[in-house]
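Student: Hi, could you walk me through this one? I have not looked at it before.

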Amino acid sequence: MHKYSKTVAKKIKEYTKVTKQIFTLIEKHDKVAIFSHRSPDFDAFGSQFGLGEYLKAHYPTKDIKVLGDNHEIYSIDIYPLIDEVSDEWFDDPVLGIVVDTAVLDRVSDKRCKKVSTLIKIDHHPNVEPYGDICFVDVASVAVAEMIAVILLVDGRTVSKDVASYLFSGIVGDSGRFKYASTTALTFGIAEILINLGVDINYVYNQLYVQDIDDLRIIAYILNNHKITKNGFAYYIFDDETQKRMNVSAERAKENVNIFADIRGIKVWASITEQKNKNQWRVSLRSAEKPINEFALKWRGGGHVQASGATLLNREEIEIFVKELDEYIGS
Ligand code: AMP
């Protein structure tokens with residue numbers, strides 16, 4: 001019998017019933033597909049591959065797939081490539097498990113709608129309950145933290161690889177254990193994962209070491225950002241700039257937290273043009289004031305202090321900036 005801290009033991013108790021329900025469904029299916037959201041981040045990948053590897057290890061005869069989008073920066077270097085399956089694969093009964101995705105429309109692989117049974121495991125506000133099991137814990141810093149607790153309840157061996165994937169998800173969504181959503185449980189779970197063999201330095205290097213090229217992006221941001229009257233800091237990376245600097249929209253967005261911890265900056269964002277989609281992607285962050293409801297009004301959503309939005313043109317960017325500034329000042 002393991003001896004966990006009071007905080008971890010309490011969470012394990014809270015998750016016991018739903019974990020049993022989840023594993024009952026897993027046992028019943030020969031095929032399991034694990035999905036997540038578009039533009040996957042560390043928590044999406046960490047949760048998908050953490051759960052996926054655990055299930056592959058303990059159910060070697062089942063057909064378990066991790067599906068969705070690869071990432072131009074993180075895939076291969078940090079996480080394996082996503083599995084590939086044909087549409088016919090879904091002709092048999094499939095259990096779909098969607099992690100870290102508040103609304104079904106944001107799932108990257110649309111075939112999640114073809115599965116016979118669906119489970120939602122998420123920590124975003126439950127704006128769209130879906131699935132035969134809808135398990136949402138908004139108190140959790142990361143879905144990877146939820147998965148870690150679920151695996152502890154299940155009680156079988158958690159390999160170093162699984163622990164490392166889950167650790168990367170927790171590190172990602174907690175901003176390296178810094179965001180307000182980080183709790184005693186986060187540290188308790190991190191301790192357990194580290195004791196399972198996670199190489200902290202290796203994971204941190206993989207996730208955060210940047211290239212010299214990134215300094216050019218930082219220089220651009222420092223030279224071109226704007227700060228509104230009420231403390232909204234933002235930078236715009238349009239398609240022309242991306243091409244001129246040879247920087248992808250994905251990479252340009254990565255530096256949004258350059259404005260964190262600056263006194264007087266209350267909300268900050270990167271606004272990157274996605275020419276191929278004819279839209280602008282906003283990565284929005286806030287020191288205190290909730291921004292998810294605001295993001296929801298602009299084709300987005302997310303967490304209270306970390307959300308995303310979608311804008312259609314430069315006129316909308318102007319209105320977005322003006323309304324956000326007014327909102328901060330209200
Ligand atoms: P990002 O800025 O892309 O790192 O996303 C921050 C958070 O907002 C994540 O939890 C995303 O899942 C969520 N998010 C980003 N974009 C959208 C969107 N268009 N709709 C709903 N949620 C989003």
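Tutor: Let us begin with serine 5, which counts as partly exposed because its relative accessibility is 37%. Please keep in mind that this is a predicted model.

Student: Okay, and where is the place of serine 5?

Tutor: Serine 5 sits in the segment that comes before helix H1, which covers residues 6-28.

Student: New topic: how many residues does helix H11 have?

Tutor: Helix H11, residues 314-329, has 16 residues, and from its first C-alpha to its last it reaches 23 Å, which is close to the 22 Å expected at 1.5 Å a residue.

Student: Which residues in H11 are buried?

Tutor: Those buried in H11 are Glu316, Ile317, Phe320, Val321, Leu324, Asp325 and Ile328. They are on the same side of H11, because the arc they cover around the axis is only 165 degrees.

Student: And which exposed residues are on the face turned away from that buried side of H11?

Tutor: That face of H11 carries Glu315, Glu318 and Lys322, which are exposed.

Student: What about the start of H11, which side chain reaches to the backbone nitrogen of glutamate 315?

Tutor: It is the side chain of asparagine 313, one oxygen of which comes to within 3.3 Å of that backbone nitrogen of glutamate 315 at the start of H11.

Student: Let's move to the ligand. Which residues around the ligand come nearest?

Tutor: There are 15 residues around the ligand, and of these His124, Lys253, Arg281, Ser283 and Arg285 come nearest.

Student: Where does the largest share of that shell come from?

Tutor: The largest share comes from E11, with 4 residues. At least two residues of the shell are supplied by each of E9, strand E10 (301-302) and E11.

Student: Which polar backbone atoms lie by a nitrogen or oxygen atom of the ligand?

Tutor: For a nitrogen atom of the ligand, a polar backbone atom of arginine 299 is 3.4 Å away, and one of glycine 301 is 3.2 Å from a ligand nitrogen. An oxygen atom of the ligand is 3.3 Å from a polar backbone atom of glycine 308. On its own the ligand has 480 Å² of accessible area, and the protein covers 86% of that.

Definitions and conventions. Residues numbered from 1 in each chain as written. Predicted model: local features only at pLDDT ≥ 70, side-chain atom pairs only at ≥ 80, totals over all residues. Heavy atoms only, no water. Expected span 1.5 Å × (residues − 1). Buried < 20%, exposed > 50% of the residue type's maximum accessible area, 1.4 Å probe, protein only. Arc of directions from axis to C-beta. Polar contact = N/O pair within 3.5 Å; in protein donor to acceptor, adjacent residues only side chain to side chain. Near = heavy atom within 4 Å. Areas by Shrake-Rupley, 256 points an atom, 1.4 Å probe, with all protein chains shown as cover.
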